[in-house]
Every structure is written in C-alpha cells, then in structure tokens.
Amino acid sequence: GIGIGKSFNYLSDMLKMDALARTEENIHFATGLGEGIGGIFNYIDNTFQKALILKAENNPSFAKGLGIGIGMCHKYNDENLNDTAVLSISSNNHFTAGFGIGTANTFMYVTKDSQNKLLEKVIQSNKLAESLGVGLGHFFSYMAKYQREKIFDKKILTNFEYAYGLG
C-alpha cells in the first residue's frame, strides 16, 4: 500500500479508484495506502485531497495511515496543510492517532518552535497526546537532552493519555 500511495499522482484515475476501493477489503493495504498518500498529500490536487479526506472519514485504517504520512512530512508541509491536518485532529481519532505517530517520527528534526507548538496541542487532544507519547517514547533514547527534558516535562505529564503513551 505505501508504494502505491507514494506513486499515487502517477496512476490513472481508474487505478486510483481501484486502489481506494481495495482499502475496503484489506485494512493493512488501507493503512499503507493512506501512509503513502499522506507523504505526498501536499502534491495532490485540492479536489482529490477533499475526496481522500472524505475517504478517511469513512475508513479508520485509511485515516490512520493518512495521518501517519502527513505527520511524518509535517516539517515539509505548507502551513495550510498543517492547519487542515490539525483541524482534522479534533474530528477523527484514527487520523489523530496516525498524525501523532507520524509527527513523533520527525520530532527530533523540526524546529524548537514547531516542537513547542506540537506539545501544546497535547493539551487539546487526548488521542494526539497518547499517540504522540507512544511515538516519542519509542525515539526517546535517540533524542538530544533538551528534547528529552521537553517531552518529559512535569506540566505535560499531567495529561494522563500523554503519560500513558510515553510511559
């Protein structure tokens, strides 16, 4: 699924529709396709982006994968896409879970300002808090000391979902 998702823009419309239809049959393909598409979401036509968001609203596995892909490319996405992704957080727990995992993958590489903004979002969304915590916990030993201190801050650890995911 990831490979087809990453080359999604180069597929014919018929193949795109066929791939999206197969997400109903196989949750692993759905998650992988969503992740691949999420990685190139910035480069997909706005009309088709809306269709993909609609697909994510009705397919939890695709939504999670889309969140992972968009989250992993968070650093490279334009602000409008990041704002759209963050807005989706409040309405789709599966997308949110993926977005948290994806952004945790690149947390070490984004600016301190972006890290702070992301950690502020932890307070607003329990699902993001948990999934970001899980992802950050996975990479904890590879982070710089200031990053470990930031994600291990007592203020943030008061969010039970974040603490659960991180721990």
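Predicted model: local features only at pLDDT ≥ 70, side-chain atom pairs only at ≥ 80, totals over all residues.
The protein chain contains 12 helices and 0 strands. Along the principal axes, the C-alpha atoms fill a box of roughly 50 × 25 × 25 Å.

Burial and contacts were computed next. Of the 167 residues, 47% count as buried. Contacts between residues at least 6 apart in sequence were also sorted by separation. Of these, 73% join residues at least 24 apart. The chain exposes about 9,100 Å². Carbon and sulfur atoms supply 55% of that area.

Charge is even in number. The chain carries 16 positive and 16 negative side chains. The centres of the two sets lie 7 Å apart.

The mean pLDDT is 86, and 91% of the residues reach 70 or more. Among the elements, helix α3 (residues 27-39) has the highest mean pLDDT, at 96. Helix α6 (residues 79-89) has the lowest, at 59.

Two loop residues come first. Leu 11 lies in the loop between α1 (2-6) and α2 (13-22). Its relative accessibility is 22%, so Leu 11 counts as partly exposed; the cut-off for buried is under 20%. Leaving aside neighbours within four places in sequence, Leu 11 is in contact with Ile 4 and Lys 16. Ile 70 stands 59 residues from Leu 11 along the chain, and the two C-alpha atoms are separated by 20 Å.

Asn 59 is found in the loop between α4 (46-58) and α5 (60-72). Its relative accessible area is 5%, so Asn 59 is buried. Not counting residues up to four places away in sequence, Asn 59 touches Thr 23, Glu 24 and Ala 30.

With a relative accessible area of 53%, Ile 27 is exposed, the threshold being over 50%. Ile 27 and Ile 44 are 17 residues apart in sequence. In space, their C-alpha atoms are 23 Å apart.

Helix α8 spans residues 112-124 and supplies the remaining two residues. Lys 112 lies in this helix. Leaving aside neighbours within four places in sequence, Lys 112 is in contact with Tyr 146 and Lys 150. Gln 147 is 35 residues from Lys 112 along the chain, yet the C-alpha atoms of the pair are separated by 8.7 Å.

Gln 124 also belongs to helix α8. Its relative accessible area is 63%, so Gln 124 is exposed. Gln 124 and Asn 159 are 35 residues apart in sequence. Their C-alpha atoms are 9.8 Å apart in space.

Notes. Residues numbered from 1 in each chain as written. Heavy atoms only, no water. Helix = DSSP H or I, 4+ residues; strand = E, 2+ residues; numbered from the N terminus. Buried < 20%, exposed > 50% of the residue type's maximum accessible area, 1.4 Å probe, protein only. Contact = heavy atoms within 4.5 Å. Areas by Shrake-Rupley, 256 points an atom, 1.4 Å probe, with all protein chains shown as cover. Lys, Arg positive; Asp, Glu negative; His and termini not counted. Charge placed at Lys NZ, Arg CZ, Asp CG, Glu CD. pLDDT = per-residue confidence, 0-100.
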